[in-house]
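I opened this entry to note what I look up, item by item. The structure comes first, then my notes.

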Amino acid sequence: MINPMDTTDRYAPPRARTFTLNTPVLTTERLVLRMPVPDDAEELATIANSREIAEMTARMPHPYTYDDAVRYISAVQNGEVEGYVYAITIAETGHLIGMCAVENSPRFGGLQVGYWLGLAWWGKGYASEAASAVVDLAFRVTGTDVIHAGSRTVNPRSRQVLIKQGFEFTGLDEIDTVAAGRVAIERFRLTRETWLARKAGER
Ligand SMILES: CC(C)(COP(=O)(O)OP(=O)(O)OC[C@H]1O[C@@H](n2cnc3c(N)ncnc32)[C@H](O)[C@@H]1OP(=O)(O)O)[C@@H](O)C(=O)NCCC(=O)NCCS
């Protein structure tokens with residue numbers, strides 16, 4: 001079992017490359033989540049190129065170019081991103097609509113979930129559907145007891161996505177972002193205990 005919380009013992013996470021290559025395809029009611037591939041670069045650059053998206057994330061630049069997309073996909077494929085990074089696609093059409101990831105985060109000292117969608121895909125419940133799938137994966141295949149998240153204080157949509165998964169607010173913080181400089185964020189966390197209780201309630 002992977003234990004991303006502990007890098008000192010024999011349960012430490014495998015090297016990043018192994019971790020990433022183990023990213024399994026996830027299916028939900030309307031979505032297929034899979035690793036991004038080089039052929040996604042053009043579509044990724046198109047849907048990611050919005051200031052509204054970049055300013056709500058920590059690392060996305062604006063404008064977001066084709067070269068940015070190629071570099072990011074290559075980094076994921078080369079195992080430079082330690083975690084599960086998913087292209088969110090529409091099951092029926094295969095269209096790429098956004099990205100979702102659970103990554104090791106030095107800031108949070110554990111796993112952090114993040115997501116974004118192309119503007120045309122907002123407001124249809126897709127982010128909640130994708131976030132739920134990757135949160136389930138993270139609790140099922142790692143030994144972590146908690147998953148963290150951060151959302152800008154001016155981002156009610158993202159806050160709502162997290163609260164719907166059972167995440168609870170833990171306090172305010174500040175981060176440096178590529179597109180918006182230093183910004184205030186709300187920190188959230190979901191414990192394994194809460195996740196398990198909610199799963200039991202779904203049955
Ligand atoms: C955050 C983001 C992924 C949400 O995508 P989405 O597909 O619209 O999300 P969902 O439809 O699953 O859920 C959005 C929720 O916010 C609610 N919402 C929308 N606008 C809102 C507002 N102004 N105030 C409060 N809630 C709002 C919706 O009603 C919905 O909740 P509900 O299902 O209970 O009705 C999308 O807006 C995005 O990509 N933003 C830019 C990047 C970003 O913010 N990433 C998150 C950083 S971790």
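This is a predicted model: local features need pLDDT of at least 70, side-chain atom pairs count only at pLDDT 80 or more; totals for chains, interfaces and linings use all residues.

**The ligand shell**

I began with the ligand: 22 residues lie around it, and M56, A127, S128, P156 and Q160 come nearest. Here a residue is near a molecule or strand if its C-beta atom, placed from the backbone, lies within 6 Å of it. Residues are numbered from 1 along each chain as its sequence is written.

I then looked up which elements supply the shell. β5 (110-117), α5 (126-141) and α6 (156-165) each give at least two residues. The largest share, 6 residues, comes from α6. Helices (H or I, at least four residues) and strands (E, at least two) are DSSP runs, numbered from the N terminus.

By class, I find 10 nonpolar, 9 polar and 3 charged residues in the shell. In this count Ala, Val, Leu, Ile, Met, Phe, Trp, Tyr, Cys and Pro are nonpolar, Asp, Glu, Lys and Arg are charged, and the others, Gly among them, are polar.

**The whole chain**

I stepped back to the protein chain. Its secondary structure comes to 7 helices and 8 strands. Of its 203 residues, 35% count as buried. Buried means that 20 or more other C-beta atoms lie within 10 Å of the residue's own; exposed means 12 or fewer, and partly exposed is in between, with C-beta atoms placed from the backbone.

I checked contacts too. Among those with a separation of 6 or more, residues 24 or more positions apart account for 60%. Two residues are in contact if their C-beta atoms, placed from the backbone, lie within 7 Å.

**The sheet**

How many strands does the open sheet have, and in what order? I read 8 strands in the order β1-β2-β3-β4-β5-β6-β8-β7, with mixed pairing. β1 (26-27) and β7 (168-177) stand at the edges with a single partner strand each, so one side of each is left without a neighbour in the sheet. Two strands pair if DSSP finds at least two bridges between them.

β1 and β2 run antiparallel, joined by 2 bridges. They form a hairpin with 3 residues between them. L26 stands opposite L33 in β2, and L33 stands opposite I88 in β3.

β2 (residues 31-34) pairs with β3 in the antiparallel sense over 4 bridges. R34 faces A87 there. I note two faces on β2: L31 and L33 are on the covered one, V32 and R34 on the uncovered one. In a regular strand the side chains alternate between the two faces of the sheet.

β3 (residues 83-90) is mostly covered, with 7 of its 8 residues buried. β3 and β4 (residues 96-105) pair in the antiparallel sense over 7 bridges. Y84 is opposite V102 in β4. Their hairpin has 5 residues between the strands, and G94 takes a positive phi near 80° in it.

The bridge partner of T177 is G181 in β8.

**The core**

Which residues touch the most other members of the largest nonpolar core? Of its 47 residues, I list Y86, I88, C100, A130, A131, V134 and V135. The largest share of this core, 9 residues, comes from α5. Such a core is a set of buried Ala, Val, Leu, Ile, Met, Phe, Trp, Tyr and Cys residues joined through C-beta atoms within 7 Å.

Leaving out residues up to four places away in sequence, Y86 touches L26, L33, R34, M35, M99, C100, A101 and V134.

**Helix α2**

Last, I took α2 (residues 41-48). Its buried residues are A41, L44, I47 and A48. Seen down the axis of α2, they fall within an arc of 140°, so they line one face of the helix. The arc is that of the directions from the helix axis to the C-beta atoms. These buried residues pack against α3 (51-54), α4 (66-77) and β4.

E43 also lies in α2. E43 is partly exposed, with 18 other C-beta atoms within 10 Å. E43 and A69 are 26 residues apart in sequence and 8.9 Å apart in space, C-alpha to C-alpha.
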